[in-house]
Amino acid sequence: MEELTEVITAAEFHPHQCNVLVYSSSKGTIRLCDMRSSALCDRHSKFFEEPEDPSSRSFFSEIISSVSDVKFSHSGRYMMTRDYLSVKVWDLNMESRPVETHQVHEYLRSKLCSLYENDCIFDKFECCWNGSDSAIMTGSYNNFFRMFDRTTWRDVTLEASRENSKPRASLKPRRVCAGGKRKKDEVSVDSLDFSKKILHTAWHPVENIIAVAATNNLYIFQDKAN
């Protein structure tokens, strides 16, 4: 174990090609394997990795770049990966860099030291696609979860809690204030509860229904009917 420098963190088969699978690693890399060439996947067909910016290198760089989840799109053309601070969408035909990067909670970058001390920096967040691959969802802290529209490039932060989960109640967007003067409807980054976290998310393959798991509670939300 002392010589172990990299571990597999997630794996998934291609939705249409049963011979193709991908697996991610703790060093932020993703390998695509084709079992037609070999049943033993110790050699990869494609290697996906985003070049690191040397100017942003820090003690936490390798930890926050570790991929906690990988998911193929329903179409099979793209895959999505989740690291600690962001969600990335990759085109299977382009290994050099992701085609999309969505910041989940960039405001936590200044809190990495505290998150390392309380072990939250090692939390493993999942991610998921909607049925048409036009939107993606992943979790965050304070029972917040994030949704990103890939068509309009709009994003929203919502909260799963007993207080706002009454039947037929609409979820109101939440905003986090990273610094400066906080507005009335914003939540200060210093007041976030890191013991409340949404690690698991799921999106119905056809309907606009989502499920998010917050500690020992499961919340199911449905798009409001007209």
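Me: How do the residues lining the second largest pocket divide into nonpolar, polar and charged?
Reply: In this predicted model, the second largest pocket is lined by 26 residues. Glu50, Glu52, Ser61, Ser65 and Lys88 lie nearest the centre of that pocket. By class, the lining holds 6 nonpolar, 9 polar and 11 charged residues.

Me: Which element supplies the largest share of the lining of the second largest pocket?
Reply: The second largest pocket has a volume of about 680 Å³. Helix H1 (61-65), strand S7 (86-91) and strand S8 (100-103) each give at least two residues to its lining. The largest share is 4 residues, and the element that supplies them is H1.

Me: Which residue stands opposite lysine 88 in S7?
Reply: Strand S6 (residues 78-82) pairs with S7 in the antiparallel sense, over 5 bridges. A hairpin of 3 residues joins S6 to S7. The residue opposite lysine 88 is threonine 81.

Me: How many aromatic pairs does a search of the whole structure find, and what is the arrangement of phenylalanine 48 and tryptophan 90?
Reply: The search of the whole structure finds 11 aromatic pairs. For phenylalanine 48 and tryptophan 90, the ring centres are 5.9 Å apart and the planes stand at 75°. Planes over 60 degrees apart count as edge-to-face, so this pair is edge-to-face.

Me: How many residues apart are phenylalanine 48 and tryptophan 90?
Reply: Phenylalanine 48 is in strand S4 (residues 46-48), and tryptophan 90 is in strand S7. Both phenylalanine 48 and tryptophan 90 are buried. The pair links distant parts of the chain, 42 residues apart.

Me: What is the angle between the planes of phenylalanine 125 and tyrosine 141?
Reply: Phenylalanine 125 and tyrosine 141 are both buried. They form an edge-to-face pair, with 5.3 Å from centre to centre and an angle between the planes of 90°.

Me: Where in the chain are phenylalanine 125 and tyrosine 141, and how many residues apart are they?
Reply: Phenylalanine 125 is in the loop between helix H2 (112-117) and strand S9 (127-129). Tyrosine 141 is in the loop between strand S10 (135-139) and strand S11 (144-149). This pair also links distant parts of the chain, and the two residues are 16 residues apart.

Me: Which residue lies over the face of tyrosine 78?
Reply: The residue lies at 5.0 Å from the ring centre of tyrosine 78. The residue over that face is arginine 150.

Me: How much space lies in the largest cavity?
Reply: A search of the whole structure finds 1 cavity of 30 Å³ or more. Among the residues that line the largest cavity are Ile63, Asp83, Tyr84 and Phe122. By class, this lining has 4 nonpolar, 2 polar and 3 charged residues. The space in the largest cavity is about 60 Å³.

Conventions:
Residues are numbered from 1 along each chain as its sequence is written. This is a predicted model: local features need pLDDT of at least 70, side-chain atom pairs count only at pLDDT 80 or more; totals for chains, interfaces and linings use all residues. Side-chain values use heavy atoms; hydrogens and water are left out. On a 1 Å grid over the protein atoms alone, a cavity is a set of points where a 1.4 Å probe fits but cannot get out, and a pocket is an open set with protein on both sides within 12 Å along at least five of seven lines; lining residues have an atom within 4 Å of a point. Grid points are joined across faces, edges and corners, and a volume is the space filled by probe spheres set on the points. Ala, Val, Leu, Ile, Met, Phe, Trp, Tyr, Cys and Pro count as nonpolar, Asp, Glu, Lys and Arg as charged, and the others, Gly among them, as polar. Two strands pair if DSSP finds at least two bridges between them. Rings of Phe, Tyr and Trp (its six-membered ring) pair if their centres lie within 6.5 Å; planes under 30 degrees apart count as stacked, over 60 as edge-to-face and the rest as tilted. Buried means under 20% relative accessible area, exposed over 50%, partly exposed in between (1.4 Å probe, protein chains only). A charge sits over a ring if NZ of Lys or CZ of Arg is within 6 Å of the ring centre and within 35 degrees of the ring normal.
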